[in-house]
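Hi there,

Here is the structure I promised to pass along. Have a look at it first, and my notes on what turned up follow below.

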Amino acid sequence: MNPIQPHSLFTDFDIDLFKAGKHFQLYEKLGAHLIEVNGIKGCYFAVWAPSAKSVSVVGDFNYWVEGQHPLYVRWDSSGIWEGFIPHVDKGTKYKFKIVSHNNTATEKADPFAFYCETPPNTASVVWDLQYTWNDTTWIEKRKKHNALNQPYSVYEVHLGSWKRNAEGKFLTYLELADQLVNYVKETGFTHVEFMPVMEYPYDPSWGYQLIGYFAPTSRFGKPQDFMVLVDKLHEAGIGVILDWVPSHFPSDAHGLGFFDGSHLYEHPDIRKGYHPDWKSLIFNYGRNEVRSFLISNAIFWLKNYHIDGLRVDAVASMLYLDYSRKDGEWEPNMYGGRENLETISFLKDFNEAVYAQFPDVQTIAEESTSFPMVSRPTYLGGLGFGMKWMMGWMHDTLQYFGKETVYRKYHQNDLTFSLTYAFTENFMLPLSHDEVVYGKHSILGRMPGDEWQRFANLRLLYGYMFTHPGAKLLFMGGEFGQSSEWDFQQSLDWHLLDYSYHKGIKQCISDLNSLYKNYPALYEKQFSADGFEWINYSDNENSVIAYIRKGNDAKDNLVIVCNMTQVVHENYRIGLPASKSLKEIFNSDKLEYNGSGVQNNFSIPVQPIAWHGKTYAAEIKLPPLAVCVFKVE
């Protein structure tokens, strides 16, 4: 047995920051760290457990026997237990055996572990983060790639079900570094968003109930293997966003819940500390040490894994005290309102800390309500996020496209309403995983009509999405018209690409990504009202809308016309503000997409005829169930 030795990585300043909720590099101090003390190699362990009576490290180095390696509690009332164990090596499995003040003993996984056993096993693993990065070129240019006035097209991926191998097993991080990277590059997305990669115990949670906040799941390989995946994406010019879940955590016995025999990480009041929808625990955002834990976790992924953005899950559930609660199940804030003031303060601190250290990344809020100024700076009173998901657009648009075309003329407002609030936030248009599960059908499965019409509708939907103001997000499988709902237990239906209709969808998405990236009018002012102008939103009878997207230079302006029915209009007149001719640069009805091939093959003259409140007009050929994009020549 190697006796544990007193040792500390903490300074008095560290402790002061921790207690103040301002220590954002806690992962460098708490957890397990391979170091050398007095010429002896071993591992330093530290854990926060202020209500514990005793804490010892148990693992495969001491046959999991309690009490052989007890940690020392610090004298400064921080509640931190620590110590150095000689000759403990990388790869050692361990847990903290915690005896609470009421003599209840539990074995807890290390909240700061860099690596974990593969579930259903629950031990932490001593590990390091040594890796030589090859993405210097990307990091140097990241500020431009991630800017709000640049193309931002996101491919959302669940690593366990994107693709499986011939035996039906997960692809590893290293296999994904080859196959996924090439695929995303081919389809033209600018960013990948991974559903939570942090270690989680229960597969049906899809990763949204975390145990190992600082460990990429070992289902797909080692931490350095995940670094390779990020590195390869960066080398291909593709940014990486991680889903981040500070909203709740599971109550598994080895996790954060009731960690030291007290409500340490979760709020002690069940009205604030328990989530009725997900049967999970909610962080105590008013406790400074918990704020340090969470913000340190965000900084950890940005710093150590070179992540380019964090999409924060379930922000609405954090913001409101009455979220999913009935009358009598929640308590108003000090002003009598339903807003969670502690959460609001935490989210502002989180965004300020992230942007202070990494001004070239983005934070993105999944927030489904009308809470104001989510993506506005904190110094203006906002929450400080870079972007916010446009859930209203998603809901209204899918509702509209689900209707038979004969009824669409009665619901045109479902399409046009989004432009009344499109510039109140920096919106991302999400067609996410949540829209293709629980009986909602796939995106293709929502489209009405016969087979031709369903695929035409899908191309039309994507064309409308990519020309609507805002950043874009599409869940995997949507880019080739996955027919069935998403199933996290199996691969996407890649065999569908053997069929021309599905090939056409994939080619259409690739071309839309290219259009988005190559035409500044679609991204330079995507969050500004200056970048959009209606031509006509009131042609309900024909179910046609037309609008102009604008960049910094008027010569870059694009004209977009969407025909929401299968009726072909040979000479459809649209008003224009200038006398320049038009050239068609995108048409979702192209034969190579499996469309009908109705196109505007020649330059379209513009006449001095007043129309749609404009000085000039042009007559275009409008294909069935299609979007046409024209460049002003």
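Met564 is buried, and its relative accessible area is 0%. Please keep in mind as you read that this is a predicted model. Met564 sits in the loop that runs between strand E24 (558-563) and strand E25 (569-576). Setting aside neighbours within four places in sequence, Met564 is in contact with Tyr400, Phe401, Thr405, Arg408, Leu415, Leu460, Ser543, Ile545 and Leu625. For a sense of distance, Met564 and Gly21 are 543 residues apart in sequence, and their C-alpha atoms are 53 Å apart in space.

**Helix H9**

Two of those contacts of Met564, Tyr400 and Phe401, are also among the buried residues of H9. Helix H9 (residues 391-401) is largely enclosed by the rest of the structure, because eight of its eleven residues are buried. Those buried residues are Met391, Trp393, Met394, Asp396, Thr397, Leu398, Tyr400 and Phe401. What do the buried residues of H9 pack against? They pack against strand E19 (387-389), helix H10 (413-416), strand E20 (427-431), helix H11 (443-446) and helix H12 (451-467).

**Nonpolar cores**

The largest nonpolar core has 184 residues, and those with the most contacts inside it are Phe45, Tyr155, Trp162, Phe194 and Tyr265. Phe194 touches Val157, Leu159, Leu180, Phe226, Leu229, Leu233, Val240, Ile241, Leu242 and Asp243, leaving out residues up to four places away in sequence. A second, separate core is made of 18 residues, including Val606, Cys628, Phe630 and Val632.

**Two helix pairs**

Helix H1 (residues 12-20) packs on helix H6 (residues 288-304) at an angle of about 100°, and their axes are 6 Å apart. That angle makes H1 roughly perpendicular to H6. On the H1 side the contact is made by Leu17, Phe18, Lys19 and Ala20, and on the H6 side by Asn288, Glu289 and Ser292. By class, the residues of the contact of H1 with H6 are three nonpolar, two polar and two charged.

In the other pair, helix H3 (residues 173-187) and helix H13 (residues 500-518) pack at an angle of about 70°, with 8 Å between their axes. H3 is therefore roughly perpendicular to H13. Here Tyr183, Glu186 and Thr187 in H3 meet Lys506, Ile509, Ser510 and Asn513 in H13. The contact of H3 with H13 divides into two nonpolar, three polar and two charged residues.

Gln526 is found in the loop between H13 and strand E22 (532-539). Gln526 counts as buried, at 2% relative accessibility. Which backbone atom does the side chain of Gln526 reach? It reaches the backbone oxygen of Leu148, at 3.0 Å. Apart from neighbours within four places in sequence, Gln526 is in contact with Leu148, Gln150, Phe423, Pro469, Gly470, Ala471, Tyr516 and Arg549.

His267 belongs to the loop between strand E14 (239-244) and helix H5 (270-273). Is His267 buried or exposed? His267 counts as buried, with 13% relative accessibility against a cut-off of under 20%. A polar atom of the His267 side chain lies 3.1 Å from the backbone nitrogen of Asp269. His267 also touches Lys272, Gly273, Ile282, Phe283, Asn284 and Glu342, not counting residues up to four places away in sequence.

How values were computed
Residues numbered from 1 in each chain as written. Predicted model: local features only at pLDDT ≥ 70, side-chain atom pairs only at ≥ 80, totals over all residues. Heavy atoms only, no water. Core = buried A, V, L, I, M, F, W, Y, C linked by side-chain atoms within 4.5 Å. Buried < 20%, exposed > 50% of the residue type's maximum accessible area, 1.4 Å probe, protein only. Contact = heavy atoms within 4.5 Å. Axes fitted to C-alpha atoms, helices over the stretch in contact; angles between N-to-C directions. Helix = DSSP H or I, 4+ residues; strand = E, 2+ residues; numbered from the N terminus. Parallel < 35°, antiparallel > 145°, perpendicular 65-115°, else oblique. Nonpolar A, V, L, I, M, F, W, Y, C, P; charged D, E, K, R; others polar. Polar contact = N/O pair within 3.5 Å; in protein donor to acceptor, adjacent residues only side chain to side chain.
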